[in-house]
Amino acid sequence: MNFLLDPNVAYVLLMGGLLLAILALFGPGTGVLEVGALFMLVLAGFSISNFTINFWALVLLVLGIFPFILALRRSRQYIYLVIALAALVVGTVFLINGSNGGPGINPVLATFVSVLVTGFLWMVGRRSVDALSLPIKTMARLIGKTGEAHTDVYAEGSVYLDGEEWSGRSEIFIPAGSQVR
């Protein structure tokens, strides 16, 4: 367990746990991401508790959650995503005090992990913001359009229509690959 007393290990565990927690918000239900996030964050918390921390960095890290939520739920603007990612990077890099008063994290490791995590979260966050601005497709908008049966449809089946997979019902047998309306 001595490896947990390394601030660089604590940093990687914290970033990994935060990344898994954010991914769990985007893909709930399996429990794997949630358990992984909890495990990594508990280990990171144990490790960080052995060091002197900068409370301003902890506050910045916690406050960075709000612009992230704003970017995804309310405003659908990228500036809030940029602010959230900046708060995440600065908050985690400066969270642990080094022996010389500066950050306790190796700058090369911090740069590498920050680029990977922020790049990934930028792609996921940007796609989420874009998806939230798409018009909602309802059954009423699809009535009368032509699609293709992906499976045999009799009572129930799968139909590809207007760029999405939909459930389809029919009182007569429709073979897969047929055009349906």
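Of the 181 residues in the protein chain, 34% come out as buried. The model is a predicted one, and its chain exposes about 11,100 Å², with carbon and sulfur atoms supplying 67% of that area. Among contacts with a separation of 6 or more, 60% link residues 24 or more positions apart.

As for secondary structure, the tally is seven helices and four strands.

Helix α5 is a handy one to look at. It covers residues 78-93, and at 1.5 Å a residue its 16 residues should span 22 Å; the C-alpha atoms at its ends sit 23 Å apart, which agrees. Quite a list of residues in α5 is buried: Leu81, Ala84, Leu85, Ala87, Leu88, Gly91, Thr92 and Val93. In general, an α-helix has 3.6 residues a turn, so residues three or four places apart point the same way.

Then there is the sheet. The four strands make an open sheet, lined up as β3-β2-β1-β4, with antiparallel pairing. The edges are taken by β3 (164-168) and β4 (179-180); each has a single partner strand, so one side of each is left without a neighbour in the sheet. Further in, β1 (residues 147-149) pairs with β2 (residues 157-161) in the antiparallel sense, over two bridges. Within this part of the sheet, Glu148 stands opposite Tyr160 of β2.

Technical notes
Residues are numbered from 1 along each chain as its sequence is written. This is a predicted model: local features need pLDDT of at least 70, side-chain atom pairs count only at pLDDT 80 or more; totals for chains, interfaces and linings use all residues. Side-chain values use heavy atoms; hydrogens and water are left out. Two strands pair if DSSP finds at least two bridges between them. Buried means under 20% relative accessible area, exposed over 50%, partly exposed in between (1.4 Å probe, protein chains only). Contact means heavy atoms within 4.5 Å. Accessible areas come from the Shrake-Rupley method with a 1.4 Å probe; for residues, only the protein chains shown count as cover. The expected span of a helix is 1.5 Å times one less than its number of residues.
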